[in-house]
Amino acid sequence: MAERSTAAVDVAAGGDSESLTAKADQATADGAAQSRETAAAEGDQPSAGGTEAGKPQATPPELHSGHKLARRYRLEECVTRLDGFSSWRAVDEKLRRAVGVHLLPADHPRARAVLSAARSSALLGDPRFVQVLDAVEENDLVYVVHEWLPDATEMTSVLAVGPLEAHDAYQLVSQVSQAMAAAHREGLAHLRLTPSAVLRTSSGQYRIRGLAVNAALRGISSETPQRTDTEAIGALLYASLTQRWPYEEDAYGLTGLPKDVGLIAPDQVRAGVHRGLSELAMRALVNDGATASRQEPPCTTPEELSRAVGEMPRIRPPEPAFTAPPEYQRTTYQQGTYGRPSAVAPGAQPLAAAPPAPLQSRTGKALKWAVSALLIAALGLGSWQLADALMERDNAGEPGSSQTDEGNGKQNDPGKPLKISDAYEFAPSGSGIKQEDVPHAVDGKAGTSWITPQYKGYANFGNLPNRKDGSGIIVDLGSVQDVSGLDIAMYRGGQKAEVLAAGENASQPSALSDFPNRLTKLAQTGEELKKTLDKPVRTRYVLVHITSLPTDGSADLFRGGISEIKVLGTSRS
């Protein structure tokens, strides 16, 4: 949690008898229960019980892009505005990373419940959930700051493309049910576990956002929270197998089931659905009081659902498709036709007589001796010219190579390591990936590194739109210096990288166009990237720019990073 989140710790320390269960109950105490039909409605529509009876609707605070909270969180884009609160994509200017922010007036009827839910969720600290970083009330505002995962995709977008493969659906229900079982053991419920609340990362992991907070924002509560969350996981599994929503209403970009047919098993909706996963979805969903399909007992808690997943035979990922090479075709030259189609069937063609051995005649032998004599003469001439060139170089120095200083025999000195006053991630899309680890690349320790997440499928950072310009680290030398060399240790070899420098008058550069001076060419690097420049470059900001990552233990997994950056030159301070 960020430094302003100490209030969450104080809540835990204030009373030993107060458990996370009590906090979760308080977080969902306000607001009337929302029906299943309303919960399944499209998007973030306000529920019928969203505002408590007899309490006036609070006015959303008038905020705009560029507004700053706590002199730290700069609002960038409003992504949701309804029911008296708004949600924003923002930038934490202190850590230079993207974050999400929920905002509502302090006098909003659900403000207290939102604060309590956020602080309880923050205390869980489970990495399978999107973490709450801050929960604060100040200046008549209540705001909750949470992680923003730019490299993750909502399940609404994933399902819009098509249903999941059996292995992916198995991973989804396994990871989500285990995470929710852990949350319920600490007394926390989600109550709004929709496709938009589940994110799939570039490495194939699933993260859940809005634990307890989403329900508190909308005033949703339930007398059976475990059953509610279990049914929501069943609906997610059903949708991932069929690309249909398991109720009659259309929701989250998915078409509902035909009316008056009831809840039918996924393998009856779409051909080729894994039978075991189809049964599991039916066991998790409420089927109008009837028992689940195939007379299996229903799953009423995430713990039971997780156990049922564990009892299934493990579903392995599909084998990579193998394309057979084309059948070998003999060329017309090999067939002896020299490009003319033969009118005779291949079986009827007479065998060609073997040609005589080459250069065995008297003329051939003479030709061999002549060629040998020419080669010997050429080698002798080349050796003499090479020796002459080396002697000239020793005397005068060859242009284009490392120059000597005033004829004293010393090569150009790249200088000493310049002091680095600051370093931050190159994030042209406004969202970094590992900003908190950047200091490891400039701490002078070989054993620490800035390491990217693991990307799946594509070496260019997962081929994600917000990573089209790659990533890397920008170092700030504090003032304009004369840079004459580089000594960079990469996390591993095989990365495609380059080093660029900003203009002499640049200030806080962040886009690729802000670095017009190329210090090294874009190429695949080894474990070290060293360079002595022909002449010093005056700059304050140097970018180590990575565009492609090496494999990470598998042909379709990629990861890279930077271990240590040293910029060499002459200090002008």
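Start by selecting E93: with a relative accessible area of 30%, E93 is partly exposed, a label for anything between buried (under 20% relative accessible area) and exposed (over 50%), using a 1.4 Å probe and protein chains only. You're looking at a predicted model, where local features need pLDDT of at least 70, side-chain atom pairs count only at pLDDT 80 or more, and totals for chains, interfaces and linings use all residues. Residues are numbered from 1 along each chain as its sequence is written, and side-chain values use heavy atoms, leaving out hydrogens and water.

**Stop 1: around E93**

E93 and R74 form a salt bridge, and their closest N and O atoms are 2.3 Å apart. (A salt bridge here is a side-chain nitrogen of Lys or Arg within 4 Å of a carboxyl oxygen of Asp or Glu.) E93 sits in the loop between β3 (85-92) and β4 (97-105), while R74 is in strand β2 (residues 73-82), 19 residues apart. Helices (H or I, at least four residues) and strands (E, at least two) are DSSP runs, numbered from the N terminus.

**Stop 2**

Which residue does R96 meet in a salt bridge? Select D422: the N to O distance is 3.2 Å. D422 lies in strand β13 (residues 422-425) and R96 in the loop between β3 and β4, so this pair ties together parts that are 326 residues apart in sequence. D422 is partly exposed, at a relative accessible area of 29%, and R96 is partly exposed, also at 29%.

Next, pick R538 and E504, whose side chains meet in a salt bridge at 2.7 Å, N to O. R538 belongs to strand β20 (residues 528-548) and E504 to the loop between β17 (496-501) and β18 (517-518), 34 residues apart. R538 is partly exposed, with a relative accessible area of 30%, and E504 counts as partly exposed at 38% relative accessibility.

To see a network, select K68, R74, E76 and E93, which are joined by salt bridges that share partners. The count for this model comes to 21 salt bridges.

**Stop 3: helix α4**

Jump to residues 111-124. That's helix α4, with 14 residues, reaching 21 Å from its first C-alpha to its last. This is close to the expected 20 Å, which is 1.5 Å times one less than the number of residues. Is α4 largely enclosed or left open? It is largely enclosed by the rest of the structure, because 11 of its 14 residues are buried. Among them are V114, L115, A118 and L124. Just after α4, click on G125, which takes a positive phi of about 65 degrees.

**Stop 4: the cores**

Select V176, M180 and L193. Of the 49 residues in the largest nonpolar core, these touch the most other members. A nonpolar core is a set of buried Ala, Val, Leu, Ile, Met, Phe, Trp, Tyr and Cys residues joined through side-chain atoms within 4.5 Å. Elements that each supply at least two residues of this core include α6 (166-185), β9 (206-208) and α8 (225-242). Zoom in on L193: its contacts (heavy atoms within 4.5 Å) include V176, M180, I208 and D229, not counting residues up to four places away in sequence.

Finish at V475, M490, V542 and F558, which are included in a second, separate core of 32 residues.
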